[in-house]
Amino acid sequence: MATNTSNVTAALPKPMKATSNGAFQHENPLDYALPLLILQICLVVAFTRTLAFLLRPLRQPRVIAEIIGGILLGPSALGRSERFLHTVFPPKSMTVLDTVANIGLLFFLFLVGLELDIRSIRRTGTKSLAIAGAGITLPFLLGIGTSFVLRSTISKGSAHAPFLVFMGVSLSITAFPVLARILAELKLLTTDVGRIAMSAAAVNDVVAWILLALAIALSGSNTSPLISLWVLLCGVGFVVFSVYVIRPLLELMARRSPDGEPVKEIYICITLSLVLASSFVTDSIGIHALFGAFVVGILVPKDSPFPGVLIEKIEDLVAGLFLPLYFASSGLKTNVATISGAQSWGLLVLVIATACFGKIIGTMFVSRMFFKVPFREAAALGFLMNTKGLVELIVLNIGKDRKASTHVHCLVS
């Protein structure tokens with residue numbers, strides 16, 4: 001037994017040390033975690049910013065350049081060179097890269113929650129709720145229908161219930177942060193269409209994250225339904241605790257940060273620590289860590305300068321450094337070259353068509369039939385609600401990590 005254990009230990013790769021003694025000490029800095037991570041960050045940021053500059057004449061947002069950059073750095077393009085891949089993105093470094101990228105992702109979802117004002121949903125009334133319901137229901141049902149086709153072809157080993165929910169969520173979600181930026185750039189935020197779209201997207205996001213939490217609960221390695229029930233109950237308990245304990249604390253700090261005065265550094269530190277602590281709790285429960293960060297963001301009071309200061313403090317760091325890393329790590333797991341043959345291309349067209357058709361037609365139908373919205377505005381609402389972005393990639397990556405949507409990840413990415 002001792003001999004077998006020693007053999008297994010000897011076969012395992014040695015963990016990377018943090019820092020090197022330098023090239024003059026005959027050590028390769030790329031064999032150490034910190035200098036390699038610095039190189040990866042610099043390469044990813046420089047590459048994606050260059051792509052963003054090249055795509056500027058096409059009026060494409062930076063997120064498009066970051067997604068394309070992540071794919072190009074992976075095995076779809078530059079990663080085809082084994083020497084490049086094993087020098088800059090060796091397998092032993094991926095845990096560190098993924099960890100740093102996911103920490104940034106936690107704060108991105110916190111920022112998404114900061115931009116969501118639940119009270120604005122109540123102010124817009126039943127119209128936004130009905131449009132959001134239509135924008136979720138039809139694409140969700142079409143996603144479930146698509147999942148049956150995928151499970152009978154390329155995803156035969158996927159767990160049944162989690163796969164259905166992951167497909168439904170990934171096709172029915174609206175990228176709220178991307179939509180907010182589009183409406184702001186087009187100066188539509190203050191119009192009726194803009195307000196309805198924002199409110200409907202907010203409802204859509206909240207419902208989608210609840211469904212995602214359900215999918216994650218169902219996708220645990222233990223197939224016992226009792227385990228999934230416990231995960232859901234603990235998730236509900238966490239939300240209740242957050243509403244009655246974390247929210248009053250956030251409101252207290254917001255009240256003590258009046259307009260015109262600088263926000264105390266300790267308040268910012270406490271809030272960011274709450275984001276990490278809540279993420280730890282939801283990850284320990286079995287729901288993804290992102291859910292905890294998102295809940296804290298929603299609970300921050302929106303009628304004070306406090307959320308604006310938080311956004312100002314962390315948005316540039318998260319959007320400038322961490323999100324490109326997340327796209328890079330996603331791109332390193334995506335090989336577009338695997339989409340080959342009539343079946344794969346047919347399934348790709350099916351996924352794209354059902355995602356767009358369900359959102360646009362569902363939103364237009366409810367807007368026209370029940371609220372008599374003019375056709376042009378109804379069409380605009382449909383296309384706005386069909387906005388896609390990073391959140392869909394997050395859902396697909398979670399499904400891939402949970403082994404619920406392994407093959408769909410490459411198709412949809």
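The lining of the second largest pocket in this predicted model comprises 19 nonpolar, two polar and seven charged residues, where Ala, Val, Leu, Ile, Met, Phe, Trp, Tyr, Cys and Pro count as nonpolar, Asp, Glu, Lys and Arg as charged, and the others, Gly among them, as polar. The pocket holds about 650 Å³ of space, and of its 28 lining residues Ile118, Val243, Val295, Ile298 and Leu299 are the closest to its centre. Pockets and cavities were defined on a 1 Å grid over the protein atoms alone: a cavity is a set of points where a 1.4 Å probe fits but cannot get out, a pocket is an open set with protein on both sides within 12 Å along at least five of seven lines, and lining residues have an atom within 4 Å of a point. Grid points are joined across faces, edges and corners, and the volume is the space filled by probe spheres set on the points. Helix 11 (225-255) gives the most to the pocket lining, with eight residues; helix 6 (118-124), helix 10, helix 11 and helix 13 each supply at least two. Helices are DSSP runs (H or I, at least four residues), numbered from the N terminus.

Residues are numbered from 1 along each chain as its sequence is written. Local features need pLDDT of at least 70 and side-chain atom pairs count only at pLDDT 80 or more, whereas totals for chains, interfaces and linings use all residues.

Helix 13 (residues 289-299) also packs against helix 5 (residues 94-115): their axes come within 7 Å and cross at roughly 35 degrees, with axes fitted to C-alpha atoms over the stretch in contact and angles running from 0 to 180 degrees between N-to-C directions. The crossing is right-handed, that is, the near helix is turned clockwise from the far one by less than a right angle. Residues of helix 5 including Leu105, Leu109 and Val112 meet residues of helix 13 including Ala289, Ala293 and Val296 (contact means heavy atoms within 4.5 Å). The residues of this contact divide into twelve nonpolar, two polar and no charged.

Val112 is also among the contacts of Asp205, together with Leu116, Ile173, Thr174 and Phe176, when neighbours within four places in sequence are left aside. Asp205 lies in helix 10 (residues 192-218) and is buried, with a relative accessible area of 0% (buried means under 20%, with a 1.4 Å probe and protein chains only).

Two cavities of 30 Å³ or more were found in the whole structure. The second largest cavity has a volume of about 30 Å³, and four of its lining residues come from helix 2 (residues 33-55).

Note on methods
Heavy atoms only, no water. Buried < 20%, exposed > 50% of the residue type's maximum accessible area, 1.4 Å probe, protein only.
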